[in-house]
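Visitor: Please take me through a single part of this model in close detail, with the cut-off behind each term. I would like to follow the salt bridges and their surroundings.

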Amino acid sequence: MSTPGNDADRICDNIAEIITKRRAALGLTKHDVAKRAGVSAQVVYNVEKRLATPRLDIAVRICLGLGMCWGDLGAEAANGNGETAGKTAGHK
């Protein structure tokens, strides 16, 4: 049976995976993403490895640093499909 806690863990796992795949698809290092996002490379590492769950503002910064729209990432993570991980965001 699905519970809110289990769903949240699954979504956070998916977010970490999507961010990692997107970064790799763009050929960026963790340091590159960190600089673009205005966070430390350690933060990016911790998010990708699921050592920490980022605050919403940090997650949004990382998304923008990867050229992704937060809404698309959230929907993709909730669905667990990884559909846009290698695509550029089409948001304005």
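**Salt bridges and their surroundings**

Guide: Lys30 is partly exposed, with a relative accessible area of 24%, where buried means under 20% relative accessible area, exposed over 50% and partly exposed in between, computed with a 1.4 Å probe on protein chains only. The model is predicted, so local features need pLDDT of at least 70 and side-chain atom pairs count only at pLDDT 80 or more, whereas totals for chains, interfaces and linings use all residues. Residues are numbered from 1 along each chain as its sequence is written, and side-chain values use heavy atoms, with hydrogens and water left out.

The side chain of Lys30 meets that of Glu48 in a salt bridge (3.6 Å, N to O), the term standing for a side-chain nitrogen of Lys or Arg within 4 Å of a carboxyl oxygen of Asp or Glu. Because Glu48 lies in helix α3 and Lys30 in helix α2, this pair ties together parts that are 18 residues apart in sequence; helices here are DSSP runs of H or I with at least four residues, and they are numbered, like strands (E, at least two), from the N terminus.

Glu48 also forms a salt bridge with Arg23, at 2.6 Å from N to O. Since Arg23 belongs to helix α1 and Glu48 to helix α3, that pair links parts 25 residues apart in sequence. Both Glu48 and Arg23 are buried, the relative accessibility of Glu48 being 10%.

A search of the whole structure finds 5 salt bridges. Another of them joins Asp57 to Arg55, with the closest N and O atoms 2.7 Å apart; here Asp57 counts as partly exposed at 36% relative accessibility, while Arg55 is exposed at 55%. Through shared partners, salt bridges join Arg23, Lys30 and Glu48 into one network.
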